[in-house]
Amino acid sequence: MGKRGALAGRRQQDYGEAMPAAASSCLSFDRERIAQLVHRFYDAIRADAELGPVFEAELHDRWAPHLERMVDFWCTATKVSRSFRGNVYGKHMALPRIAPRHLKRWLQLWKVHTQAVFAPAPAAELQDIATGVARVMHLGWFGHLPPPGALQHWIETEGADACAA
């Protein structure tokens, strides 16, 4: 299966190639809480020894617009709004020197901060959406699509440098 096939089920025409198909509409999300999560998460990213330099190299003085764009992305992913438009996959594939440890750390931090801001059910929904995005990014960066459940296991495994195929 090629990259296009791996992206089936996603609303590519509206949101770019890595946009999740649909978040559960029965969970309560709002823009204010999503913004709180996004800002808290990216504060942790900036302070992280592994991810901070990667993000800073790309964003340096463009953090504010990036954060607003990420709030739009997550609001769209959770059906709070349809405010995000863009090619998430294409933007991320252009990033240089991404290693599996970067994706793993991103997922670990996302889990920590979704659990800190939201109750268990909405936190789990946000983690599921992020895992779907991460699977597609993993395919693009590292050449294979991790099986369902593999990324969750990987982020909980100490010392694992790459997600099993």
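1. Asp48 is buried in this predicted model, with a relative accessible area of 9%. The residue falls under the 20% limit for that class. Its salt-bridge partner is Arg105, with 2.8 Å between the closest N and O atoms. Arg105 is partly exposed at 27% relative accessibility. Because Asp48 sits in the loop between α3 and α4 and Arg105 in helix α7 (residues 100–117), the pair ties together parts 57 residues apart in sequence.

2. Arg46 in helix α3 and Glu56 in helix α4 (residues 52–59) are ten residues apart. Their side chains form a salt bridge with the closest N and O atoms 3.9 Å apart. Arg46 is partly exposed at 44%, and Glu56 is partly exposed at 33%.

3. Arg31 and Glu68 meet in a salt bridge of 2.5 Å, N to O. The pair joins helix α3 (residues 31–47) to helix α5 (residues 63–77) across 37 residues. Arg31 has a relative accessible area of 32% and Glu68 one of 42%. Together with Asp72, these two residues belong to a network of salt bridges.

4. How many salt bridges are there by this rule? The count is six.

5. The chain has nine helices and zero strands. Of its 165 residues, 46% count as buried. Among contacts with a separation of 6 or more, 69% involve residues 24 or more positions apart. The accessible surface is about 8,300 Å², and carbon and sulfur atoms supply 53% of that surface.

Definitions and conventions:
Residues are numbered from 1 along each chain as its sequence is written. This is a predicted model: local features need pLDDT of at least 70, side-chain atom pairs count only at pLDDT 80 or more; totals for chains, interfaces and linings use all residues. Side-chain values use heavy atoms; hydrogens and water are left out. Helices (H or I, at least four residues) and strands (E, at least two) are DSSP runs, numbered from the N terminus. Buried means under 20% relative accessible area, exposed over 50%, partly exposed in between (1.4 Å probe, protein chains only). Contact means heavy atoms within 4.5 Å. Accessible areas come from the Shrake-Rupley method with a 1.4 Å probe; for residues, only the protein chains shown count as cover. A salt bridge is a side-chain nitrogen of Lys or Arg within 4 Å of a carboxyl oxygen of Asp or Glu.
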